[in-house]
Structure formats: structure tokens, C-alpha cells
Amino acid sequence: MSAASDYLENQLILHLFRTGSFTKPTVLGVALFTAAPSDSGGGTEVTGGSYARVNVPPLDANWAATSGTNGTTSNVAAINFGTASASWGTVTHYGIFDATSGGNLLVHGALTASKTVGSGDAFQISAGGLVITVA
């Protein structure tokens, strides 16, 4: 199950109910974590060892359409993080940011299965494996 960050919740309130305007991000940087982020941020994002967030832009070709009123989407293609050149630790969670470095956390959640990533290991989230639910 995914959760919206405090940042995203506040931006939606400002956009829908107040006079603020929320500009749709052009970048959706998928990040990996070894300790869970929360709605306010935090957690421990993977660093070093050739790790980098992967940009999966907000396009129909990248994210599945919702089915009826289920409020979900998922990645259309696999998200490849490449091969670690040093240990990344045990990857347990993901976050999606509005940037590939820094930026604002938008949504976060637990991966369906954690994986210990050592030097020489590749990490990938399979197509349909990153499910975002708005409930």
C-alpha cells in the first residue's frame, strides 16, 4: 500500500480547496530505501555503489490507466536501477520524488519483497510491480 507524503497532501489541499496551484511534476524519481520513509519524509535512501534514482516521467506510456474507480496505477515497464558497485544493503521500501536528486517526496510504500543488494547485484522492479493506490 502506498501513502501520500505530507507535502503532496498539502499541495492537493491548496490546489483543490484554496487559491494555491499545484504544478504537475515533469520528473518522477523512483528511489529505494533501506529504512522506511514516513509521510513527513525521512527513512534511509540507498547511497553510493552506483545507485541513482530512476526517472519514470508522468506519462500514459509509463503508468497504467486506472481500472474503473480502483484508484491505482502501476509502472508499465520494468524500472531498472542497474548493477551495484558496492553493497546497497537490504532494500525494503520505495519513494517517488519530484526530482532525481533532492526534491519533494510525493508517495512512498513498502516493496512486496525486500532484497539484499550486494556488489555486482542488479536491482529491478518488474513491470506492474510498483503499485500506487490513492484511497
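**Close-up views of a predicted model**

View 1. Two or more lining residues come from each of β8, β9 (122-125) and β10; the largest share, four residues, is that of β8.

**View 2. The largest pocket and the elements around it.** The space in this pocket amounts to about 870 Å³. Its lining consists of 28 residues, and Leu-8, Thr-73, Val-107, Ile-132 and Val-134 lie nearest the centre. At least two lining residues are supplied by each of β1, α1 (6-17), β5 (72-74), β8 (105-117) and β10 (131-133). The lining of the largest pocket divides into 19 nonpolar, six polar and three charged residues.

View 3. A polar atom of the Ser-2 side chain lies 2.7 Å from the backbone nitrogen of Thr-133. Beyond its neighbours within four places in sequence, Ser-2 is in contact with Tyr-94, His-108, Gly-109, Val-131, Ile-132 and Thr-133.

**View 4. The salt bridge between Arg-53 and Glu-45.** Side chains of opposite charge can pair when their charged atoms come close. The structure holds one salt bridge, in which the side chains of Arg-53 and Glu-45 meet at 2.9 Å, N to O. Arg-53 counts as buried because its relative accessibility is 12%, whereas Glu-45, at 22%, is partly exposed.

Notes:
Residues numbered from 1 in each chain as written. Predicted model: local features only at pLDDT ≥ 70, side-chain atom pairs only at ≥ 80, totals over all residues. Heavy atoms only, no water. Polar contact = N/O pair within 3.5 Å; in protein donor to acceptor, adjacent residues only side chain to side chain. Contact = heavy atoms within 4.5 Å. Salt bridge = Lys/Arg side-chain N within 4 Å of Asp/Glu carboxyl O. Buried < 20%, exposed > 50% of the residue type's maximum accessible area, 1.4 Å probe, protein only. 1 Å grid on protein atoms, 1.4 Å probe; cavity = no way out; pocket = protein on both sides within 12 Å on 5 of 7 lines; lining within 4 Å. Points joined across faces, edges and corners; volume = space filled by probe spheres on them. Nonpolar A, V, L, I, M, F, W, Y, C, P; charged D, E, K, R; others polar.
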